[in-house]
Amino acid sequence: MHAFALLAAPQNDNDHRADPEVVADANALSDFIADAVPGASIAYYLGALARDRYPHLSDLPEQRRAELNVLADYALSLAEAGWVHLLQRRLGHERFAYLVVIRPRSRVTRHHELPRLQVVELAEAA
C-alpha cells in the first residue's frame with residue numbers, strides 16, 4: 001500500500017511560498033537519505049510530475065525527462081522499501097513540490113540497505 005499525501009495548499013495562486021531545497025539527481029537523493037535523520041525532508045522535483053514524465057505532454061527535453069524518470073522511480077522505490085514518505089505540496093497553479101520525508105526506522109529495519117539506484121545510461125545532450 002502506498003501512502004501519498006497532499007500538504008496544505010496556498011490560499012490562492014498569489015500566495016507563493018519559498019521553494020524548498022531540491023536534490024539535483026537520484027545520486028544526490030541517495031546521499032541525502034543515507035545521512036538524514038527521521039523527519040528530515042527534501043524535494044526531489046518542482047513542477048507537475050505526472051505531466052512532466054509523460055513524453056506527449058512534457059515540455060522537458062528528452063534527456064531531462066529521462067533523468068526525472070530515474071529520480072521519480074527511485075523515490076518510489078525508497079517509499080516502497082519503507083525508508084521515506086512521499087508527499088506533495090501545492091506551490092501554485094499546476095506547480096507542486098514533490099517531497100521525501102525520512103521515516104523512523106525500527107531496530108529490525110535500521111540496518112537494511114537503501115534500495116539500489118538503477119544505473120541507467122543516459123544519452124549526452126547534443
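I began with Asp25, which is partly exposed at a relative accessible area of 37% (buried means under 20%, exposed over 50%, partly exposed in between, with a 1.4 Å probe and protein chains only). Asp25 sits in the loop between strand E1 (4-7) and helix H1 (26-35), where helices (H or I, at least four residues) and strands (E, at least two) are DSSP runs numbered from the N terminus.

I noted that the model is predicted, that local features need pLDDT of at least 70 and side-chain atom pairs pLDDT 80 or more, while totals for chains, interfaces and linings use all residues. Residues are numbered from 1 along each chain as its sequence is written, and side-chain values use heavy atoms, with hydrogens and water left out.

Next I looked up the salt bridges, taking a side-chain nitrogen of Lys or Arg within 4 Å of a carboxyl oxygen of Asp or Glu, and the count came to five.

I found Asp19 paired with Arg95, with the closest N and O atoms 2.9 Å apart. This pair links distant parts of the chain, 76 residues apart, with Asp19 in the loop between E1 and H1 and Arg95 in strand E4 (residues 95-102).

I then checked Glu62 and Arg65, whose closest N and O atoms are 2.4 Å apart in a salt bridge; both lie in helix H3 (residues 62-80), three residues apart, about one turn of the helix. Glu62 counts as exposed at 51% relative accessibility, whereas Arg65 is buried at 9%.
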